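Subject: Structure handover

Hello,

Here is the structure for your files. My notes come after it.

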Amino acid sequence: MRVAINTRLLLPGRMDGIGWFTYETTRRMVAAHPEHRFLLLFDRDPRVLAEGDDGLSEMLAAHNVETATLCPQARHPVLWWMFFELSVPAALRRWAADVYVSPDGMMPLRSTTPTLSVIHDINFEHKGDNMRRSHQLYMKHFFPRFARAATRVATVSEYSRGDIATTYGIDPASIDVVYDGAHSRYRPHTKGECEATRRRFADGKPYIIFVSTILRRKNLAGLLRAFDMVKNDDRQGLKLLVVGARAWWRDELEQAYATMRHRDDVVFVGHAGPDDLAALMSAAEMLVYPSFFEGFGIPILEAMYAETAVVCSNTTSMPEVGGDAVEYVDPTSDTDIARAILAVLDPSYRAALIERGRRQRVRYSWDRTASLLWDSVTRITRV
């Protein structure tokens with residue numbers, strides 16, 4: 001079988017959730033199925049991308065892998081259209097692909113190649129004010145068409161399966177749930193390692209951590225207001241570490257930060273590399289993830305593997321991922337977020353959540369994700 005995969009988001013050092021999904025599943029499918037051929041479709045030179053990244057270099061060097069660099073570099077909606085409607089179909093025809101897998105959901109609508117479109121979530125249908133207007137318009141126009149044109153759809157939670165089926169009017173039986181996973185670097189660090197991380201990032205103080213690209217739907221504004229409440233009675237010098245790039249910083253978020261009484265205890269780490277992020281997660285008192293909308297919520301799982309307690313929202317997919325191992329909050333209530341933080345600061349309760357997390361986390365792994373995704377690929381070839 002000849003499997004073409006959209007790998008344009010494999011950008012070492014800059015990968016987001018979908019990029020990691022692409023990397024972790026593709027390398028496992030390539031290794032597990034040497035009898036099949038894989039064509040990886042990039043929009044920039046993969047040899048340059050792989051420099052200094054041993055994992056990507058190893059995958060590209062596999063005997064059953066070929067690569068193609070397509071034009072243009074797909075960086076905004078017009079270029080997305082050109083890449084997927086012009087360049088990708090031509091590559092699929094040249095290579096005689098049996099199936100096309102798109103981990104970011106985007107696909108050529110005019111191609112006859114059987115397609116598996118991975119649609120992680122459709123937050124833009126519900127929370128469109130999180131992104132540029134041009135991006136929202138593109139996604140609202142094309143993703144219903146992608147979902148209906150794909151041979152099959154995969155997604156990362158039962159919540160997203162129901163949302164996609166209901167919103168786009170497609171049969172839930174045509175949607176496979178493959179979940180997400182967490183990298184093996186997420187593990188409990190030693191006491192000495194955690195102390196070193198706190199000294200490096202938090203002046204040696206205990207801290208709670210927020211991990212995400214800063215978008216409106218991630219509700220950092222609510223967390224800042226809740227943290228201010230917690231700090232009113234704090235005697236430990238508690239810090240809040242915000243880890244992630246600022247994709248959005250205005251309106252209520254800007255105001256929430258500007259009016260904080262304890263904003264000197266907020267540390268903006270920015271984008272952190274994978275090893276730093278794993279260390280930061282392990283050394284935290286807890287992850288606080290009060291997002292309004294998630295298709296899965298990978299940081300929740302990463303925290304469980306790092307054996308860090310979790311506070312997260314009681315909405316969308318998050319109860320599915322967190323099970324009974326999380327302290328849930330109403331993300332619309334700053335008071336409830338503050339209550340949950342104070343509850344989890346209790347060492348005995350925090351230890352109980354961590355123990356439950358050890359049981360919950362085994363439901364999700366990248367090995368399982370890749371296996372389920374391959375099952376979806378093989379269903380397409382039997383259609």
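Predicted model: local features only at pLDDT ≥ 70, side-chain atom pairs only at ≥ 80, totals over all residues.

Residues are numbered from 1 along each chain as its sequence is written, and side-chain values use heavy atoms, with hydrogens and water left out.

Cores. A nonpolar core here is a set of buried Ala, Val, Leu, Ile, Met, Phe, Trp, Tyr and Cys residues joined through side-chain atoms within 4.5 Å. Buried means under 20% relative accessible area, exposed over 50%, and partly exposed in between (1.4 Å probe, protein chains only). The largest core holds 66 residues, and F38, I209 and I300 have the most contacts inside it. Helix α12 (residues 298-306) contributes the most to this core, with seven residues; helices (H or I, at least four residues) and strands (E, at least two) are DSSP runs, numbered from the N terminus. Another core, of 33 residues, lies apart from it and includes W80 and Y138.

Helix α12. Nine of the nine residues of α12 are buried, so the helix is largely enclosed by the rest of the structure. Among the buried residues are E302 and P299.

Strand β11. M286 and V288 point one way from β11 (residues 286-289), L287 and Y289 point the other way, and all are buried. Strand β8 (residues 207-211) pairs with β11 in the parallel sense over two bridges, with I208 opposite M286; two strands pair if DSSP finds at least two bridges between them. Strand β12 (residues 309-313) also runs parallel to β11, joined by four bridges, and V310 is the bridge partner of L287.

Surface. V78, W81, M82 and L86 form a nonpolar patch with about 350 Å² of accessible area together. Areas come from the Shrake-Rupley method with a 1.4 Å probe; for residues, only the protein chains shown count as cover. V78, in helix α4 (residues 77-95), is exposed at 53% relative accessible area.

Backbone. Most residues other than glycine have a negative phi, and most peptide bonds are trans. The bond from C71 to P72 is cis, with omega near -5°. Y179 has a positive phi of about 65° and counts as buried at 14% relative accessibility. E307, in the loop between α12 and β12, has a positive phi near 60°.

Regards

Key. Patch = residues over 30% accessible without salt bridge, like charges linked within 9 Å, V, L, I, M, F, W, Y side chains within 5 Å. Salt bridge = Lys/Arg side-chain N within 4 Å of Asp/Glu carboxyl O.
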